[in-house]
Amino acid sequence: MSKKKIDETDRRILTILQNSGRISNADIARKVGMAPSAVLERVRKLESKGILVGYEAIVSPQSVGRSLTAFIYVNASEGVGATDTGAELAKIPGVLEVHYCAGRDSYLIKVRCEDTDGLAIMLGSIGSIETVRDTNSTIVLNTIKESRAIPLGEDIDEDF
């Protein structure tokens with residue numbers, strides 16, 4: 001039987017933080033019915049346990065000239081379990097995600113760039129990595145949903 005890492009209160013706190021990372025500690029406390037000091041202690045414990053790993057601002061890609069999104073499968077010639085190519089891919093500006101995969105391709109990466117010319121330049125950078133054998137790209141026409149939030153159970157209503 002696996003040991004439970006978070007309880008219902010932690011789940012509620014994490015869900016609130018995922019939905020609104022700038023929410024004040026006092027507002028979280030009000031939503032979960034606890035004292036702000038108790039919420040702060042729980043958040044610090046979630047951080048120290050590596051359950052809550054960070055906070056980030058979400059920037060509109062279009063507002064900074066990165067309106068093209070593409071997913072690129074990368075086939076690399078490296079040994080099973082080796083991720084050196086992935087480390088090199090992660091260094092390329094505009095590469096947002098690098099996933100080491102099982103299957104025909106070694107990696108799936110998500111990129112954002114200005115336009116198709118920018119994508120061609122990025123593919124050149126990817127292809128210049130010695131272990132990259134080939135790539136297969138898919139350009140996104142329209143994003144329906146994009147989120148890093150992990151579902152933790154029932155959604156917390158804003159008026160909770």
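Me: How are H2 and H3 oriented to each other?

Reply: This is a predicted model: local features need pLDDT of at least 70, side-chain atom pairs count only at pLDDT 80 or more, and totals for chains, interfaces and linings use all residues. Helix H2 (residues 25–32) packs on helix H3 (residues 36–48) at about 100°, with axes fitted to C-alpha atoms over the stretch in contact and angles running from 0 to 180 degrees between N-to-C directions. Under 35 degrees counts as roughly parallel, over 145 as roughly antiparallel, 65 to 115 as roughly perpendicular, and the rest as oblique. H2 and H3 are therefore roughly perpendicular.

Me: Which residues of H3 make the contact with H2?

Reply: Residues are numbered from 1 along each chain as its sequence is written, and side-chain values use heavy atoms, leaving out hydrogens and water. Contact means heavy atoms within 4.5 Å. H2 brings Asn-25, Ala-26, Ile-28, Ala-29 and Val-32. H3 answers with Pro-36, Ser-37, Val-39 and Leu-40.

Me: What is the strand content of residues 6–67?

Reply: UniProt, in an unreviewed entry, places "domain: HTH asnC-type" at these residues; such annotations may be inferred rather than shown by experiment. Helices (H or I, at least four residues) and strands (E, at least two) are DSSP runs, numbered from the N terminus. Over 6–67, helix takes 53%. Strand takes 0%.

Me: What is the order of strands in the open sheet?

Reply: Two strands pair if DSSP finds at least two bridges between them. Four strands pair antiparallel here. S2 (95–100) and S4 are the edges, each pairing on one side only. The order is S2-S3-S1-S4.

Me: How many bridges join S1 to S3?

Reply: S1 and S3 (residues 107–113) run antiparallel. Thr-69 stands opposite Arg-112 in S3. The bridges joining S1 to S3 number seven.

Me: Why is S1 largely enclosed by the rest of the structure?

Reply: Buried means under 20% relative accessible area, exposed over 50%, partly exposed in between (1.4 Å probe, protein chains only). S1 spans residues 68–76. It is largely enclosed because, of its nine residues, the number buried is seven.

Me: What distance separates the centres of domain 1 and domain 2?

Reply: Domain 1 covers 8–49 and domain 2 covers 61–140; the bounds come from an automatic or database domain assignment. Taken over C-alpha atoms, the centres are separated by 36 Å.
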